[in-house]
Amino acid sequence: MSVETFVPSTQLISLTDSAVKHFESKLKDKPGQIIRLSTRVSGCTGYAYVLDFADSAKDDDEIVEISPVLNVAIAADATDLLKNTEIDYVQEGVNGVIKYNNPNVVDECGCGESFNVG
């Protein structure tokens with residue numbers, strides 16, 4: 001008989017394999033750049049995700065190393081809103097779309113522009 005111990009993830013966010021491939025391909029010709037994830041007050045329910053390419057993180061950002069070539073900086077004021085969020089990249093018809101699977105969200109607007117964590 002073996003015993004397994006549950007060890008919760010300590011990583012703030014995670015990316016699916018398709019999201020990693022997508023972002024790595026976007027950064028391929030931009031050595032040293034990172035992805036920066038933050039939020040802003042927006043829409044009818046509260047917050048919107050802001051995803052940017054950046055040359056460096058801000059001083060109080062939390063850095064998550066996703067792969068040897070992909071780092072994501074999380075804005076300090078967004079960490080509580082984004083804790084345990086999974087970022088996915090999916091094809092919807094001919095378009096590629098970034099999806100945020102955020103377990104903290106309790107309400108989203110109908111158009112998907114904004115979210116609220118309650």
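**Notes on the strands, the helix and a few residues**

1. Let's start with a pair of strands. β2 and β3 (residues 46-54) run antiparallel and are joined by nine bridges. Two strands count as paired if DSSP finds at least two bridges between them.

2. A word on the model before going on. It is predicted, so local features need pLDDT of at least 70 and side-chain atom pairs count only at pLDDT 80 or more, while totals for chains, interfaces and linings use all residues. Residues are numbered from 1 along each chain as its sequence is written, and side-chain values use heavy atoms, with hydrogens and water left out.

3. Back to the hairpin. Three residues sit between β2 and β3, and G43 in the turn has a positive phi of about 65°. S42 has G46 in β3 as its bridge partner. Strand β2 (residues 34-42) is mostly covered, with seven of its nine residues buried. Buried means under 20% relative accessible area, exposed means over 50%, and partly exposed is in between (1.4 Å probe, protein chains only).

4. β2 has another partner too: β2 and β5 pair in the parallel sense over three bridges. Here I35 has V72 in β5 as its bridge partner. As background, strands of a sheet pair through backbone hydrogen bonds, either parallel or antiparallel.

5. Is V72 buried or exposed? V72 lies in strand β5 (residues 70-74) and is buried, with a relative accessible area of 3%. Leaving aside neighbours within four places in sequence, V72 is in contact (heavy atoms within 4.5 Å) with I13, L15, I35, L37, E62, I63, V64 and I66. D61 is eleven residues away from V72 along the chain, and their C-alpha atoms are separated by 9.4 Å.

6. Now for an open sheet. Three strands make it up in the order β1-β6-β7, with mixed pairing. β1 (13-15) and β7 are the edge strands, each pairing on one side only. On average, neighbouring strands of this sheet are turned by 25° against each other, direction ignored. Axes are lines fitted to C-alpha atoms, for helices over the stretch in contact, and angles run from 0 to 180 degrees between N-to-C directions. β1 and β6 run parallel, joined by three bridges, and L15 stands opposite I87 in β6.

7. Which helix lies across these strands? Helix α1 (residues 17-27) lies across β1, β6 and β7, running at about 75° to β6. In α1, the residues A19, V20, H22, F23 and L27 are buried. They cover an arc of only 165° around the axis, so they are on the same side of α1; the arc is that of the directions from the helix axis to the C-beta atoms. On the other side of α1, D17 and K21 are exposed.

8. Last, two loop residues. N84 is in the loop between α2 (79-82) and β6 (85-92), and is partly exposed at 46% relative accessibility. Its phi is near 70°, a positive value in a residue other than glycine. V105 is in the loop between β7 (95-101) and β8 (107-108), and is partly exposed with a relative accessible area of 22%. Leaving aside neighbours within four places in sequence, V105 is in contact with Y49, F115, N116 and V117. V105 and F115 are ten residues apart in sequence and 6.4 Å apart in space, C-alpha to C-alpha.

Terms used:
Helix = DSSP H or I, 4+ residues; strand = E, 2+ residues; numbered from the N terminus.
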